[in-house]
Amino acid sequence: LTALLALLLAQEGVKVLVHGPMLDAGRVSTAEIFHDLGLPFAGGGLGLIGPLVADDIRVVVLTGEADRLLLARSLLAGEAEALTREALEMRRSVLPKGHSDLAVSLNNLGLIVKRRGHLDEAELTFGASLQLSGTLGLEGGVADALEGLSAIAAARGELERAGLMSGAAEALRKRLGFYEVPAFVFHERYLDVVRHKDSAAFARAQDRGRELTVAEAIALATP
């Protein structure tokens with residue numbers, strides 16, 4: 001659905017940005033769909049798909065560091081939150097209740113509102129994404145939400161809880177083969193605060209978190 005929506009928007013003259021991995025274990029990625037449609041990619045980890053309608057119309061698929069860097073920059077824009085809320089409501093209106101794309105949209109909104117300092121709303125949003133991902137068996141989505149919630153716990157000075165959730169997320173990512181870092185760069189600066197206060201205690205909490213089952217991690221993280 002993401003690929004179809006991107007193409008339809010581009011045909012209407014909208015500049016479209018699609019960000020995500022080239023490959024995603026357990027499902028067909030949007031990048032793979034574009035590739036199968038015969039749309040070419042540029043090299044260097046930054047894919048440019050198009051032109052679709054005109055030379056200034058592109059669908060961009062970002063990978064690795066480029067993905068994280070551009071999304072981080074987009075979070076600085078005041079309009080990012082409004083656009084993300086609009087996208088979430090659009091998905092809610094057209095997708096079946098409980099669709100996996102809703103979990104993605106909720107996580108994206110959580111990232112933005114957390115960065116803007118709205119911790120209570122971010123916690124609720126990540127929590128909703130976590131519950132939906134857990135229900136659907138989307139362990140990558142569970143890891144995303146756990147990382148967001150661990151950062152919120154860290155921002156509140158909850159070292160033990162932050163360490164447990166970040167450890168559980170790291171173990172999930174390692175098992176799934178997603179990314180090579182323990183947490184998204186968006187969350188690391190929050191975790192560093194509690195890590196620096198008592199690195200040994202934080203490390204012990206992470207170790208215990210790595211031993212949690214998915215169900216145990218979800219139960220722990222649920223506000």
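**A tour from the surface patch to the core**

Begin by selecting Leu5, Leu9, Met90 and Val94, which make a nonpolar surface patch of about 340 Å². Areas follow the Shrake-Rupley method with a 1.4 Å probe, and for residues only the protein chains shown count as cover.

The model is predicted: local features need pLDDT of at least 70 and side-chain atom pairs pLDDT 80 or more, whereas totals for chains, interfaces and linings use all residues. Residues are numbered from 1 along each chain as its sequence is written, and side-chain values use heavy atoms, without hydrogens and water.

Next, colour α1 (2–11) and α4 (79–94), each of which supplies at least two residues of the patch. Helices (H or I, at least four residues) and strands (E, at least two) are DSSP runs numbered from the N terminus. Leucine 9 lies in α1; it counts as partly exposed because its relative accessibility is 34%, between the limits for buried (under 20%) and exposed (over 50%), with a 1.4 Å probe and protein chains only.

Zoom out to the whole chain, which holds eleven helices and three strands, in the order α-β-α-β-β-α-α-α-α-α-α-α-α-α from the N terminus. Of its 223 residues, 43% count as buried.

Now select α6, residues 119–136. Its 18 residues reach 25 Å from first C-alpha to last, close to the 26 Å expected at 1.5 Å a residue, a span counted as 1.5 Å times one less than the number of residues. Among its buried residues are Ala122, Phe126, Leu130 and Ser133. Just after α6, glycine 137 takes a positive phi of about 75°.

Centre the view on leucine 130. Beyond its neighbours within four places in sequence, it is in contact (heavy atoms within 4.5 Å) with Val142, Ala145, Leu146, Leu149, Ile218 and Ala221.

Finally, display the largest nonpolar core, a set of 34 residues in which Leu130 and Leu146 touch the most other members. Contributions of at least two residues each come from α5 (100–115), α6, α7 (139–155), α8 (159–176), α9 (185–197), α10 (199–210) and α11 (214–221), and α7 gives the largest share, nine residues. Such a core consists of buried Ala, Val, Leu, Ile, Met, Phe, Trp, Tyr and Cys residues joined through side-chain atoms within 4.5 Å.

How values were computed. Patch = residues over 30% accessible without salt bridge, like charges linked within 9 Å, V, L, I, M, F, W, Y side chains within 5 Å. Salt bridge = Lys/Arg side-chain N within 4 Å of Asp/Glu carboxyl O.
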